[in-house]
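Please read it alongside the sequence and the structure shown here.

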Amino acid sequence: MAARQLLHGTSAPRSSWQNGFIERSHRTDNEELLHVRRFADAEERRYQLRLHEMDYHTQHPHQGLEGQTPLAVLQRDYPAEASLRMLRNRSNLSPFQGTR
């Protein structure tokens, strides 16, 4: 993170107003997947969540991104990073890695 000049911060416990992006992400996951279907076990839940995340980030337009998908914005604004991510994902096809 230092190489990219990013700062890392933490929020206080039980302070959902300090991490609105994560709270919104959890709400979307709950509304669109976790509260909609039943899973046989934790492994199936992780697998389905990963599929849901892949679809959400590559197929669904986002209002905050002017109707574009997160993948389209990444490819437009950071083409080198997008290419590296695509190569990294192809070399490791496990759907269980990279979940939140």
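## Overall fold

The protein chain has four helices and zero strands, and from the N terminus on its elements run α-α-α-α; helices (H or I, at least four residues) and strands (E, at least two) are DSSP runs, numbered from the N terminus. Of the 100 residues of the chain, 16% count as buried, where buried means under 20% relative accessible area, exposed over 50%, and partly exposed in between, with a 1.4 Å probe and protein chains only.

The model is predicted, so local features need pLDDT of at least 70 and side-chain atom pairs count only at pLDDT 80 or more, whereas totals for chains, interfaces and linings use all residues. Residues are numbered from 1 along each chain as its sequence is written, and side-chain values use heavy atoms, with hydrogens and water left out.

## Packing of H1 and H2

Two packed helices are described by the angle between their axes and the distance between the axes. Here the axes of helix H1 (residues 20–34) and H2 come within 11 Å and cross at roughly 110°; axes are lines fitted to C-alpha atoms, for helices over the stretch in contact, and angles run from 0 to 180 degrees between N-to-C directions. H1 and H2 are therefore roughly perpendicular to each other, given that angles under 35 degrees count as roughly parallel, over 145 as roughly antiparallel, 65 to 115 as roughly perpendicular and the rest as oblique. The crossing in which H1 passes H2 is right-handed, a crossing being left-handed if the near helix is turned anticlockwise from the far one by less than a right angle, and right-handed if clockwise.

Within H1, Thr-28 is buried, with a relative accessible area of 5%. The C-alpha atoms of Thr-28 and Tyr-56 are separated by 9.8 Å, although these residues are 28 residues apart along the chain.

## Salt bridges

Side chains of opposite charge can pair when their charged atoms come close. The structure holds five salt bridges, a salt bridge being a side-chain nitrogen of Lys or Arg within 4 Å of a carboxyl oxygen of Asp or Glu. One of them joins Arg-50 to Glu-53, with the closest N and O atoms 3.9 Å apart; both residues lie in helix H2, three residues apart, or about one turn of the helix, and both Arg-50 and Glu-53 are buried.

Another salt bridge brings together the side chains of Arg-37 and Glu-44, at 3.3 Å from N to O. Arg-37 counts as partly exposed at 34% relative accessibility, and Glu-44 also counts as partly exposed, at 24%. Arg-76 and Asp-77 likewise meet through their side chains in a salt bridge, with an N to O distance of 2.6 Å; Asp-77 is partly exposed at 38% relative accessibility, and Arg-76 is partly exposed with a relative accessible area of 48%.

## Nonpolar surface patch

Tyr-47, Leu-51 and Met-54 form a nonpolar patch on the surface, with about 240 Å² of accessible area together. Patches are made of residues with over 30% relative accessible area and no salt bridge, like charges being joined within 9 Å and nonpolar side chains (Val, Leu, Ile, Met, Phe, Trp, Tyr) within 5 Å; the accessible areas come from the Shrake-Rupley method with a 1.4 Å probe, and for residues only the protein chains shown count as cover. Tyr-47 is found in helix H2 (residues 42–58), and this residue is partly exposed, with a relative accessible area of 33%.

## Backbone and loop details

Gln-5 lies in the segment before H1 and has a phi near 55°, a positive value in a residue other than glycine; Gln-5 is exposed, with a relative accessible area of 73%. Glu-66, placed in the loop between H2 and helix H3 (70–77), also has a phi near 55°, again a positive value in a residue other than glycine, and Glu-66 is exposed with a relative accessible area of 71%.

The loop between H2 and H3 also holds Pro-61, which counts as exposed at 55% relative accessibility. Pro-61 and Leu-71 are ten residues apart in sequence, and their C-alpha atoms are 9.8 Å apart in space.
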